[in-house]
Every structure is written in C-alpha cells, then in structure tokens.
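This report describes selected structural features of a predicted protein model.

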Amino acid sequence: MTPTLRTARLLLEPYRPEDEDAFVALFQDRRVCRWLGDGRLAPEAEDRALFGRIFTKVYARRLFDVWAVREDGRYVGHAEIKPTEAVGGHEIVYALAPEAWGRGLGTELTEAVVGHGFGALGLSEVHATVMVANEASLALLARVGFARRRDIEEGDGTTTRCLAVVRGEGRGSGPSVGG
C-alpha cells in the first residue's frame, strides 16, 4: 500500500474515490497537461479512466506508489514514483495545480518523493523525464540535485530531457523527508 508522506506544508496520501473530480480537473487544465505525456489535452473520459486504474490496477496490484497531494486538506496535485523502461529505473512524475505554483511546493514535493525512493524503496538513483521547454520543472529538479543524463528527440520535434539524482548527492536524500 502506498504510504503517507508528510512535508512541512504537504500531505501525500493514497487517493480516495472522492478525489476523482479534482484529479480530472488537474489533468484537464491546459496549463498542466501541456507538460505531461505528449503535451496534448486528453478527453475527460480518458482522465476518468486513468483515475479508475489507480485503484483497479496500481493499488490493487501494488505496482508503484501514487499520491494525492494536499495542502491544508485541499487537493493541489499528483505524484508518483514508478519503474520505467525508458530510463532504466524508477522515475518520479508530479503535477501541481497552477494555484500552487511559485511557492516552493514543487521542490518540497519532489524532495519527499525522491526521499521515499532512496529510503523506503532502497533505490540508489531516481530519474525524471521533462520536456526541455519546461524550464520551471528543469530548474526545480536541478535545485533538488538532478543532473542531465541524455536528451531524446521526439517524433513531434520536441526534446525530452532525462535526468537523475544519485542517493547522497541531492537535497531529497536527507533526513528531512518523510517515508
């Protein structure tokens, strides 16, 4: 079961069925979805099906850890850490609602998930993939200690940057992170 993580301002906990509308709203926000997957807005029904699979596949089979991210009890984002063939290891994925941007919550969230990877999961490195155009996320990951490994030229002409942080080298590896 996905554990609950706490930071100074955030609570990362397993999703509840009543989070569906907030999850869908996050992934239907064009400012958010432009940085996820292929950058295109998915039909709402696909996001609802994705939410359902968190329960029927991910949690039911204990495939990887997925969290609802809350600040003061309010849903503000999504986070996960999962094995991914594209990076040959565990990758973090996160999304915050635009109203949560610019206050350091992304850094706090990333440090918590990376700390969980190094602690509870026993990983020696954690990966992330980010569109090169997403300068804010690249800067956030650099602050946490992620370094560029390689770039992937996508079929649509965009570039995805593959990054990693090694245990003991990033800010997320310290004891301030729950897990």
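## Helix α3

Helix α3 covers residues 44-61, and its 18 residues, at 1.5 Å a residue, should span 26 Å. The C-alpha atoms at its ends are 25 Å apart, which agrees with that expectation. Just after α3, R62 adopts a positive phi of about 50°.

The buried residues of α3 are D47, F51, I54, V58 and Y59. These buried residues pack against α1 (20-28) and against the strands β3 (65-71) and β4 (74-84).

## Aromatic pairs

Across the whole structure, a search finds seven aromatic pairs. Y15 and Y75 are both buried.

F51 and F55 form an edge-to-face aromatic pair, with 5.3 Å from centre to centre and 65° between the planes. Because these two residues are four residues apart in helix α3, about one helical turn separates F51 from F55. Their accessibilities fall into separate classes: F51 has 3% relative accessibility and therefore counts as buried, while F55, at 26%, counts as partly exposed.

## Nonpolar cores

The largest nonpolar core contains 28 residues. Within this core, the residues with the most contacts are L12, I92, L109, V126, L141 and F146. Two or more residues come from each of the strands β2, β3, β4, β5 (89-96), β6 (125-131) and β8 (159-166), and likewise from the helices α4 (105-118) and α5 (135-144). Of these elements, α4 gives the most to the core, with five residues.

Not counting residues up to four places away in sequence, L12 touches P3, T4, L5, W67, A68, V69, A79, L109 and V113. Another core, of 15 residues, lies apart from the largest one and has Y15, F23, F51 and A95 among its members.

R150 is found in strand β7, which comprises residues 147-153. How accessible is R150? Its relative accessibility is 38%, so R150 counts as partly exposed.

Leaving aside neighbours within four places in sequence, R150 is in contact with A86, T160, R161 and C162. For A86, a polar atom of the R150 side chain lies 2.9 Å from the backbone oxygen. For C162, which is twelve residues from R150 along the chain, the C-alpha atoms of the two residues are separated by 5.3 Å.

Technical notes:
Residues are numbered from 1 along each chain as its sequence is written. This is a predicted model: local features need pLDDT of at least 70, side-chain atom pairs count only at pLDDT 80 or more; totals for chains, interfaces and linings use all residues. Side-chain values use heavy atoms; hydrogens and water are left out. Buried means under 20% relative accessible area, exposed over 50%, partly exposed in between (1.4 Å probe, protein chains only). Contact means heavy atoms within 4.5 Å. A polar contact is a pair of N or O atoms within 3.5 Å; within protein, one must be able to donate a hydrogen and the other to accept it, and residues adjacent in sequence count only if both atoms are side-chain atoms. The expected span of a helix is 1.5 Å times one less than its number of residues. Rings of Phe, Tyr and Trp (its six-membered ring) pair if their centres lie within 6.5 Å; planes under 30 degrees apart count as stacked, over 60 as edge-to-face and the rest as tilted. A nonpolar core is a set of buried Ala, Val, Leu, Ile, Met, Phe, Trp, Tyr and Cys residues joined through side-chain atoms within 4.5 Å.
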